[in-house]
Amino acid sequence: MESQDTKTIFNRLAYLIESKKMTPYGFSKELGFDKPAKLYTILRGKVRPSYDTLETILTKFEDVSAEWLLRGAGDPVRIINSISVKGGNGTTSIEASTQITTQVAHNDNKILVLEEQRKGLERLLDEREQTILLLKDQILILREVIQQTRSNPISVPAS
């Protein structure tokens, strides 16, 4: 589901604000709060969000799953199905559309982090390959020295 800890309502609200690419101030204004202090107090865990606050969030952001927001169960995004019946000139047709809202911002962030990790691992791999090549060269040199030493033993003068 999410990489961020969303076990508490406070963390889920913080995750929601981040996934909407908003600041707590902008989020509170979007909800119609006169002062953002109410939301900041909730996010700090000093008070739990009221029923009215949760209802406002779920009304304003229809793609947010109430089950996830309230209990942390399931996915933060819900599938919105809408069916409309259109009639004209004595005909009736049914149009069904499904809107699936995804957490693109969150996924983009995950992708960036994974790409950075991949680049770091590739650099590490290149460094290790270079170290292996240097060690192989040193082994060859040592073998040559050993062979030369065996074929031309060093004579120690007798006393």
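Of the 17 residues in the largest nonpolar core of this predicted model, Phe27, Ile57 and Leu69 touch the most other members; such a core is a set of buried Ala, Val, Leu, Ile, Met, Phe, Trp, Tyr and Cys residues joined through side-chain atoms within 4.5 Å. Because the model is predicted, local features need pLDDT of at least 70 and side-chain atom pairs count only at pLDDT 80 or more, while totals for chains, interfaces and linings use all residues. Residues are numbered from 1 along each chain as its sequence is written, and side-chain values use heavy atoms, with hydrogens and water left out.

- At least two core residues come from each of α1 (9-19), α3 (37-43), α4 (51-60) and α5 (66-71), where helices are DSSP runs (H or I, at least four residues) numbered from the N terminus.
- The largest share of this core, six residues, is supplied by α1.
- Beyond its neighbours within four places in sequence, Ile57 is in contact (heavy atoms within 4.5 Å) with Leu13, Leu16, Phe27, Leu31 and Leu69.

- Thr53, Leu54 and Ile57 of α4 are buried, meaning under 20% relative accessible area, whereas exposed means over 50% and partly exposed lies in between (1.4 Å probe, protein chains only).
- These three residues cover an arc of only 95° around the axis, taken from the directions from the helix axis to the C-beta atoms, which puts them on the same side of α4.
- The buried residues of α4 pack against α1, α2 (24-30), α3 and α5, while Tyr51 and Thr59 are exposed on the other side of α4.

**Thr59**
- Thr59, in helix α4, has a relative accessible area of 55% and is therefore exposed.
- A polar atom of the Thr59 side chain lies 2.7 Å from the backbone oxygen of Glu55.

How values were computed: Polar contact = N/O pair within 3.5 Å; in protein donor to acceptor, adjacent residues only side chain to side chain.
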